[in-house]
Each structure stands twice: as structure tokens, then as C-alpha cells.
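Hi everyone, thanks for coming.

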Amino acid sequence: MLSQLRNVAKFPSSVNTLFVKCMHPKYSHTDGFLYTCFCYVNCPLFSKSCLCSVEPDNLTDVLEFLLLGFSDDPERQPLTFSLFLSMYVVTMLGNLLIILAVSSDSHLHTPMYVFLSILSVADIGFTSTTVPKVILDIQTHNRVISHAGCLIQLSFFYLFGCLDGVLLTVMAYDRFVAICYPLYYPVIMNPRLCRLLILVSFLISLLDSQLQCLIVSQLTFCTNVEIPHFFCDPPQLLKLSCNDTSTNKIFMYFIGGIFAGIPVSGILFSYTQILSSVLRVPSTGGKYKALSTCGSHLSVVCLYYGTGLGVYLGSTVSHSSRKDAVASVMYAVVAPMLNPFIYSLRNRDIKRALQRLLNRTA
């Protein structure tokens, strides 16, 4: 068999091992990977590495990535451009109106609405991390993003994405205090605590983004890497890496589990206590009034985590990267766009503040 193998390189004499690149038809594969054979006497063990379009000697840190987006069909590009541009404009206008309404109306200078305005800022940042790049790529017909630009985009994506989740937990805690301890609400949710909660939310999100960015920065790629997505998606980068990513995956999922699991646990605990407290209210009207203050927040929580979980589960089942990219639009673009509508349509205070704001500008 050895006569049909190439590139045989012996290890030092102290190690009785042959390192062989198997070129025999018996060891050929067509799954897009190059299999390296480690021969121990009569027992070949296989190690899988990425199949690059360059020689191993030319393997280097990649300087640029190519974002493939949704489709290569030129006829679909105007539709994609119009769709993303319209969604981005609606997202910006909706969230800016929420911020202006809260800041301009003294009646809304309460913890719940202050957190809502910060959530709108996070939604604007979350959408602005990816959508403008998509619009620019379609307009200029240039889908290249540098390695540094990819890490920056990834960092801000996790920063604002995690900030969304943590703020939703803070808002759930605010509703928990308001419903379960209404007499102590002004004392507990004082301005100092609110500022502290906002600061801690930002610091937690910053830590998450930097840890995720650090993991991705350790990856090595072949030159001319194509990402089948509309932004630098970390799971796609792990798939395209040419080094062993098993440790990186473990750390990435571990960090993601902590920074996503703790906020979800906090939301579940808050609403469990809220539901327990509401069920003790004797009148139906009292129950409805208590739950109505949580309706908008609960809808946003379901939208945020529902779309995020759908994208995650879809990526594990589906083997199509383009389908994963389309599903990610729901999480990264549609959810931040719908949040202002949910709060403005279901909240009378926001409606009145928006009406007063529009009347002033008219």
C-alpha cells in the first residue's frame, strides 16, 4: 500500500510513526475535506482538515472575507435591496420615535420606560451592525469585508444582541417589583438602582462580545474565504476554519449558554412570581389590569427568544447555509423592527406620548 502513497515524512526516530497523506482511491473522499492518515503499523487513523484552494505552505491568516448573502441572481438584487432598505428605515424611525416620546414626556420618566428607551437604542445598534453593510454590498456590487471589519461587526453584533437580552431581564424584574411589591416599588426601583442596572447590563454585554470576538480571532483560515451569510456569523466562521475548532466550539457554546441562560432564567423566575401573585388577586378586573402591564414586554420576549431559538434549532437541522441566512433575518432584522410597534400599539402611555410629540411637530 505504501507504494501508492505520496508525501511520506518520517517523524523523529524516537517516535515509531509514519505521517502519510493518503492518496489511494480507497482513502479518497468527496465531502469537501482532505483526510490525513496516521498509520500505526496496520491501523490507519484518520484526521479531517479543511480542503483549501491553496498549498499548505501558503496557508496564512486571511485578510478578507466574501459575504455571499442570499442569492447570486442579479434579478433578485433590487428586491433584496428594497426589502432591507425599507425594513431598516422602519426600524430606525420606530425606535427613534420611542426614544423621543420617552425623553420628551415627563410622565414617562419612570424605570419601565427608561429601560424601554435603552432597549430601542440597543435595537438600533443591533440592526445597524448588519443591515447597512447588506445595503451597501448590493449597491456597490462588492461583498468583501476585511478580517478586522469582520471582528468589529461580530463584536458589535454580540454587544447589542446580548444587551437586548439583558435589558429584557431587567424589564422583567421591574414588572416583578411593580406587581408583587407595589408599595415598595418607588423605593426599590430608585434612579440610582436604575442607572446601576443599565451600567451592569452594558458591562455584561461588553464582556460577552469581547469573549466571543476573542474566540473567533484565534481561528485560522485559508485565503479567499467565502461566508454563505449576509454577516460574519460565528458558526459559519467555525465551519470555515482550517484548524481544529472543537475547543472553540465548546467555549463558544459554554459562553453563549451562560450569557443567554441566566437572562432567560431571570425572566422565567420573574414571571413565575408575577403569575403566582396575580392568581391571588380575587377580582377578574384586577388580574387583567396587573397582566396588561406585562403584555407588551412578554410579547417582545417571545419575539426575541422565539426567533433566536428558531434560528438556532433551524441551523442544527438544516444543512443549507443560505436557508440559515434567511432565517437569521427574522432574528437580526424583523424582531428589532417590530418591537416599537408592539409597545406603541399595546401601551396607552406610549400612544399618548407619541400623539403629543406629533402634535408639537405638526
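Predicted model: local features only at pLDDT ≥ 70, side-chain atom pairs only at ≥ 80, totals over all residues.

Let's start with a lining: the residues around the largest cavity divide into 6 nonpolar, 4 polar and 2 charged. Here Ala, Val, Leu, Ile, Met, Phe, Trp, Tyr, Cys and Pro count as nonpolar, Asp, Glu, Lys and Arg as charged, and the others, Gly among them, as polar. Among those lining residues are Phe70, Asp137 and Phe230.

Residues are numbered from 1 along each chain as its sequence is written, and side-chain values use heavy atoms, with hydrogens and water left out.

Now the charged pairs. How many salt bridges does the structure hold? There are 3, each a side-chain nitrogen of Lys or Arg within 4 Å of a carboxyl oxygen of Asp or Glu.

In one of them, Asp105 meets Arg356 at 2.3 Å, N to O. Asp105 sits in the loop between α1 and α2 and Arg356 in helix α12, so this pair ties together parts 251 residues apart in sequence. Asp105 is buried at 5% relative accessibility, whereas Arg356 is partly exposed at 36%. Buried means under 20% relative accessible area, exposed over 50%, and partly exposed in between (1.4 Å probe, protein chains only).

Another bridge joins Asp174 to Arg175, with the closest N and O atoms 2.9 Å apart. Asp174 is buried at 0%, and Arg175 is buried at 8%.

Note on methods
1 Å grid on protein atoms, 1.4 Å probe; cavity = no way out; pocket = protein on both sides within 12 Å on 5 of 7 lines; lining within 4 Å. Helix = DSSP H or I, 4+ residues; strand = E, 2+ residues; numbered from the N terminus.
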